[in-house]
Amino acid sequence: MALNFANNNSLSAITTKPSGLSGGALNLISTQTASSSSTISFTSGIDSTYDKYVFKFYDIHPATDSADFTFQVDTGTNTSYNQTMTTTVFRAYHTEADDAAALDYDSGRDQAQGTAFQILAHEVGNDNDSSVVGDLHLFNPSSDTFVKHFISTINEHHSYSMSVNKFNAGYINTTTPLTRVQFKFSSGNIDSGVIKLYGIS
């Protein structure tokens, strides 16, 4: 593989990108806007077109205080949303009062061959200015050979008035292609917010 260098190694001299660079483009598939919604479900657009899909969360606001923002997946036309997952969760947090801060493994939010909705954000506040932002990456969901891996990075305004940066990862333990993803809070509705689904080419 040949290495391509900019003239004089200076960014100001670049007029075109080197040949052979491609991929990484975000292709918007669909957008859903919550309005006192019990769930938001993406039931189309997840197929073999792309090897990677990304959900982006914009100011997801719960109707109920201290609710967990969660997701699950399913296959075919099934709507049980109870696929088996093994997951890991760690977090960094810092309170507004500056009386607590830590980086730790969040053992109460992971699953070991569980079928529950996976927690992406824990105990989100429902103050008017509280919300969740972040993304969820789903890798090769149409594979009929391998389990389906995911990673997620979330920042939330916790009900205890603190910023929580939560990192979730794991795999959905099925070789059956995934076709749908659902998001909801552990209690109450999704009061407002936007979720966008992208395919990565």
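**Exercise 1.** Locate Glu-96 in this predicted model, and decide whether Glu-96 is buried or exposed.

*Solution.* Start with the strands. Glu-96 sits in the loop between β5 (85–95) and β6 (101–105). Next, take its relative accessibility, which is 60%. Exposed means over 50%. Glu-96 therefore counts as exposed.

**Exercise 2.** Classify the ring pair of Phe-57 and Phe-69.

*Solution.* A pair of aromatic rings is described by the distance of the centres and the angle of the planes. The count here comes to 11 aromatic pairs. For Phe-57 and Phe-69, the centres are 5.3 Å apart and the planes stand at 85°. Planes over 60 degrees apart count as edge-to-face, so this pair is edge-to-face. Now place the two residues. Phe-57 belongs to strand β3 (residues 52–62) and Phe-69 to strand β4 (residues 67–75), 12 residues apart. Then check burial. Phe-57 is buried at 2% relative accessible area, and Phe-69 is buried at 0%.

**Exercise 3.** Classify the ring pair of Phe-90 and Phe-167.

*Solution.* The ring centres of Phe-90 and Phe-167 lie 4.7 Å apart, with the planes at 15°. The cut-off for stacked is under 30 degrees, so the pair is stacked. Phe-90 is in strand β5 and Phe-167 in strand β11 (residues 162–172), so the pair ties together parts 77 residues apart in sequence. Both are partly exposed: Phe-90 at 38%, Phe-167 at 25%.

How values were computed:
Residues are numbered from 1 along each chain as its sequence is written. This is a predicted model: local features need pLDDT of at least 70, side-chain atom pairs count only at pLDDT 80 or more; totals for chains, interfaces and linings use all residues. Side-chain values use heavy atoms; hydrogens and water are left out. Helices (H or I, at least four residues) and strands (E, at least two) are DSSP runs, numbered from the N terminus. Buried means under 20% relative accessible area, exposed over 50%, partly exposed in between (1.4 Å probe, protein chains only). Rings of Phe, Tyr and Trp (its six-membered ring) pair if their centres lie within 6.5 Å; planes under 30 degrees apart count as stacked, over 60 as edge-to-face and the rest as tilted.
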